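The sequence and structure are shown first.

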Amino acid sequence: MHTDKDILVKGLKYLGYTVALMFSAPVVIYQAFKNQEHSLYIPVLILGFILAIAALFMAFLGIKTIMDSLFGKKQKKK
């Protein structure tokens, strides 16, 4: 089997986005907890949690895409 390089690059891009989200989500959550008396506390906290969930989703999507590029998609039996 050959590795599909286009799909592999796509998976690596997903993992790059994952790394960015993995650093930004905790920073946003920390800033929200640091400023609890501010009026935008709840929206910033919600944004941080959305970024954290997006990081998890992108990690699974990136790993799945890389696995598809290395091993190919499963063929359905007829």
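The 10 positive and 4 negative charges of the protein have mean positions that lie 11 Å apart. In this count Lys and Arg are positive and Asp and Glu negative, while His and the chain ends are not counted. Each charge is placed at NZ of Lys, CZ of Arg, CG of Asp or CD of Glu.

The structure holds one salt bridge, a term for a side-chain nitrogen of Lys or Arg within 4 Å of a carboxyl oxygen of Asp or Glu. The partners are lysine 64 and aspartate 68, whose closest N and O atoms are 3.1 Å apart. These two residues are separated by about one helical turn, because lysine 64 and aspartate 68 are four residues apart in helix α2.

## Basis of the model

The model is predicted: local features need pLDDT of at least 70 and side-chain atom pairs count only at pLDDT 80 or more, whereas totals for chains, interfaces and linings use all residues. Residues are numbered from 1 along each chain as its sequence is written, and side-chain values use heavy atoms, with hydrogens and water left out.

## Overall form

Two helices and zero strands make up the secondary structure of the protein; helices (H or I, at least four residues) and strands (E, at least two) are DSSP runs numbered from the N terminus. The protein is more spread out than a compact globule, because its radius of gyration is 18 Å, well over the 12 Å that the globule rule gives for 78 residues. That radius is taken over C-alpha atoms, and the rule is 2.2 Å times the number of residues to the power 0.38. The C-alpha trace spans about 60 × 25 × 10 Å along its principal axes.

Of the 78 residues, 23% are buried (under 20% relative accessible area; exposed is over 50%, and partly exposed in between, with a 1.4 Å probe and protein chains only).

## Contacts between the helices

Contact means heavy atoms within 4.5 Å. Where contacting residues are at least 6 apart in sequence, 71% of the contacts join residues at least 24 apart.

Threonine 18 belongs to helix α1 (residues 5–34) and is buried, at 4% relative accessible area. Setting aside residues up to four places away in sequence, threonine 18 touches Ala55, Met58 and Ala59. Alanine 59 lies in helix α2 and, with neighbours within four places likewise omitted, is in contact with Leu15 and Thr18. Between alanine 59 and leucine 21, which are 38 residues apart along the chain, the C-alpha separation is 9.7 Å.

Threonine 65, also in helix α2, is buried with a relative accessible area of 10%. Beyond residues up to four places away, threonine 65 touches Ile7, Lys10, Gly11 and Tyr14.

Histidine 38 is located in the loop between α1 and α2 and counts as partly exposed, at 47% relative accessibility. Its C-alpha atom is 44 Å from that of methionine 67, 29 residues away in sequence.

Isoleucine 42 is part of helix α2 (residues 41–71); with 48% relative accessibility, isoleucine 42 is partly exposed. A C-alpha distance of 26 Å separates isoleucine 42 from alanine 59, 17 residues apart along the chain.
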